[in-house]
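Thanks for making time this morning. I would like to walk you through one model and look at a few of its side chains with you, so please have the picture up while I talk.

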Amino acid sequence: MATRANSFLNIAHYSRYLGVLLLILGIPTMILDSSSGAEIPLLVGLSILLVTTSKNEDERSTQIKTSSLYMAFIISYGLKLVITNLHDHVMISFELTEINHFLILTLGLANAIYYGRLYFLKFWFR
């Protein structure tokens, strides 16, 4: 039973590398390919990075992860409202209409906030 739990932790730990690989491959794919679904590797990589657990996951890191996701959603929705308003007043030429682009913005911000709070604050207040 303990071996099965250890193998699950190894898979969960190494899935972070899969998320980083998909992130590295997804950014140029989204920029260079204009077909429908080109943003899927980036979206999957960001979600894998957010969902994977570390070897020493505790309540503090889970709390930071969920609050980071809440903050990222609020910031993303606020940006979507501002961008839509600026587009309606012909001040900018693009609009955030695709749901995948909103999800990429939300998950990217959530990862940046989470890892920033988890590691930057840990080293800042040593």
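Phe73, Tyr77 and Phe102 form a single aromatic cluster, and I start there, with the reminder that what you are looking at is a predicted model. Across the model the count of aromatic pairs comes to five. One of these is phenylalanine 73 with phenylalanine 102, whose ring centres are 6.0 Å apart and whose planes stand at 80 degrees, so the pair is edge-to-face. Since phenylalanine 73 belongs to helix α3, residues 59-88, and phenylalanine 102 to helix α4, the pair ties together parts that are 29 residues apart in sequence.

After α3 comes valine 90, which has a positive phi, near 55 degrees.

Now to the core. Which residues make up the largest nonpolar core? There are nine of them: Leu42, Leu43, Leu46 and Leu50, then Ala72, and then Ile104, Leu107, Ala110 and Ile113. Helices α2 and α4 each supply at least two residues of this core. Isoleucine 113, one of the nine, touches Ser68, Met71, Ala72 and Ile75 when residues up to four places away in sequence are not counted.

Helix α2 itself covers residues 40-51, and its end C-alpha atoms are 16 Å apart, in agreement with the 16 Å that its 12 residues should span at 1.5 Å a residue. The buried residues of α2 are Leu42, Leu43, Gly45, Leu46, Ile48, Leu49 and Leu50.

I will finish with a polar residue, asparagine 100, which lies in helix α4, residues 99-124. Asparagine 100 has a relative accessible area of 17%, and because the cut-off for buried is under 20%, asparagine 100 counts as buried. What does the side chain of asparagine 100 make a polar contact with? The partner is the side chain of glutamate 39, at 2.8 Å.

Key:
Residues numbered from 1 in each chain as written. Predicted model: local features only at pLDDT ≥ 70, side-chain atom pairs only at ≥ 80, totals over all residues. Heavy atoms only, no water. Helix = DSSP H or I, 4+ residues; strand = E, 2+ residues; numbered from the N terminus. Buried < 20%, exposed > 50% of the residue type's maximum accessible area, 1.4 Å probe, protein only. Polar contact = N/O pair within 3.5 Å; in protein donor to acceptor, adjacent residues only side chain to side chain. Expected span 1.5 Å × (residues − 1). Phe/Tyr/Trp six-rings, centres within 6.5 Å; stacked < 30°, edge-to-face > 60°. Core = buried A, V, L, I, M, F, W, Y, C linked by side-chain atoms within 4.5 Å. Contact = heavy atoms within 4.5 Å.
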